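This briefing walks through selected backbone features and helix packing in a single chain. Please keep the structure in view while reading the points below.

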Amino acid sequence: MKYKHLFGPVVSRRLGLSLGVDIVPYKYCSLNCVYCEVSRTTHLTIKRKAFYSTKDITRELDDFLSTNPALDYITFSGAGEPTLNSNLGDIIAYIKSRYPQYKLALITNSTLLSDPEVRREILACDLMLPSLDAVSDECFELINRPHDKLSAQDLIDGLVELRREYKGLIWLEIFIVPGINDHLEEIELLKTAIEQIKPDTVQINSLDRPGAEEWVEPAIYLALEEIKNILQEESNIPVEIIAKAHVEGLITKTEQDYISELTELIRQEEYTKEELARAMQIHVNEVSKLLQHLAVKDNVIAKRRQKGTFYLWKK
Ligand code: SF4
């Protein structure tokens with residue numbers, strides 16, 4: 001069966017072996033983060049919609065899970081904000097009733113958590129991975145470029161309410177963009193917000209792959225350690241750095257392997273992103289990121305043809 005909503009399972013730093021479930025169309029999001037590793041948001045919205053029939057999604061899950069695969073998590077994530085799907089609660093309830101042996105995780109940008117209905121729908125998840133990158137409106141605007149009806153305070157209020165109502169694990173992610181939210185004033189504001197939210201863990205992240213905007217750079221590891229120390233001081237909430245130590249020009253072995261594999265393919269003939277995703281058995285978003293990486297080095301050409309956009313190696 002060809003999957004439209006499932007990807008992986010992928011091995012991730014935080015979740016182990018995780019099956020991704022993508023339930024919103026490409027780049028429907030309430031934020032347009034400068035560091036987004038998918039791309040710029042094309043549909044900036046806070047309006048929830050069904051987007052797809054629940055049956056289409058559960059049919060794929062039934063097919064994949066019928067062999068009882070070993071997984072650490074089934075994770076709602078993908079190329080947009082999962083809580084924008086108004087059928088999220090039904091999909092969660094379906095998985096929990098049919099496949100109670102699997103743990104469910106939700107990666108969210110926190111923007112819709114101030115809506116009690118959204119919080120009610122997601123309570124059955126085992127793990128929440130919400131984000132909060134800024135507290136001041138200035139930093140929030142600069143990093144997250146939100147829908148105009150959103151403020152950073154909405155995210156904090158929603159997270160505080162979620163903690164009150166939800167008994168599972170909350171791992172709060174803070175993405176550091178050097179030059180914007182890495183100064184002491186903002187870190188102190190984040191520290192105060194963390195004390196109100198009371199997550200189980202705070203995870204500090206930074207750029208690993210090319211972001212939506214070219215000027216975004218990875219934070220230096222020492223700076224992340226400094227931030228960790230400030231957040232940790234006189235706090236009993238654990239803080240960890242999940243960003244990779246970044247050395248100029250160094251790519252992780254796994255990512256380098258994928259790049260070599262993709263290079264090998266497009267050196268021989270031209271492919272669409274979808275064909276590459278199938279050949280390499282990865283999600284099409286991952287192919288986009290790898291192509292972006294090669295494009296930065298000017299190694300790849302995109303050609304528009306009647307049947308779509310094809311990619312080939314630049315001779
Ligand atoms: S990083 Fe997440 S929240 Fe930010 S624009 Fe990308 S998909 Fe949306």
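This is a predicted model: local features need pLDDT of at least 70, side-chain atom pairs count only at pLDDT 80 or more; totals for chains, interfaces and linings use all residues.

With 9 C-beta neighbours inside 10 Å, asparagine 68 counts as exposed, and this residue lies in the loop between helix H1 (54-65) and strand E5 (73-76).

**Backbone geometry**

- Asparagine 68 has a phi near 55°, which is a positive value in a residue other than glycine.
- Lysine 27, although not a glycine, also has a positive phi, of about 55°, and its place is in the loop between strand E2 (16-21) and strand E3 (28-29).
- Whereas asparagine 68 counts as exposed, lysine 27 is buried, because 20 other C-beta atoms lie within 10 Å and 20 or more is the cut-off for a buried residue.
- Arginine 145, the residue that follows H4, has a positive phi as well, near 40°.
- The peptide bond that joins glycine 8 and proline 9 is cis, with an omega of about 5°, and proline 9 has its place in strand E1 (residues 6-12).

**Helix H5 and its surroundings**

- Helix H5 (residues 152-165) comprises 14 residues, and the 20 Å from its first C-alpha to its last is close to the 20 Å expected at 1.5 Å a residue.
- The buried residues in H5 are Ala152, Asp154, Leu155, Ile156, Gly158, Leu159 and Leu162.
- These buried residues of H5 pack against helix H3 (116-122), strand E7 (127-130), helix H4 (137-144) and helix H6 (184-197).

**The pairing of H5 with H6**

- Two packed helices are described by the angle between their axes and by the distance between those axes.
- The axes of H5 and H6 come within 8 Å and cross at roughly 30°, which makes H5 roughly parallel to H6, since angles under 35 degrees count as such.
- On the H5 side the contact involves Ile156, Leu159, Val160 and Arg163, which meet Ala193, Gln196 and Ile197 in H6.
- Sorted by class, the contact of H5 with H6 has 5 nonpolar, 1 polar and 1 charged residues.

**The buried side of H4**

- In H4, the residues Cys139, Phe140, Ile143 and Asn144 are buried, and they lie on the same side of H4 because they cover an arc of only 100° around the axis.
- The cover over the buried residues of H4 includes both H5 and H6.

Conventions
Residues are numbered from 1 along each chain as its sequence is written. Helices (H or I, at least four residues) and strands (E, at least two) are DSSP runs, numbered from the N terminus. The expected span of a helix is 1.5 Å times one less than its number of residues. A residue is buried if 20 or more other C-beta atoms lie within 10 Å of its own, exposed if 12 or fewer, and partly exposed in between; C-beta atoms are placed from the backbone. Two residues are in contact if their C-beta atoms, placed from the backbone, lie within 7 Å. Axes are lines fitted to C-alpha atoms, for helices over the stretch in contact, and angles run from 0 to 180 degrees between N-to-C directions. Angles under 35 degrees count as roughly parallel, over 145 as roughly antiparallel, 65 to 115 as roughly perpendicular and the rest as oblique. Ala, Val, Leu, Ile, Met, Phe, Trp, Tyr, Cys and Pro count as nonpolar, Asp, Glu, Lys and Arg as charged, and the others, Gly among them, as polar. The arc is that of the directions from the helix axis to the C-beta atoms.
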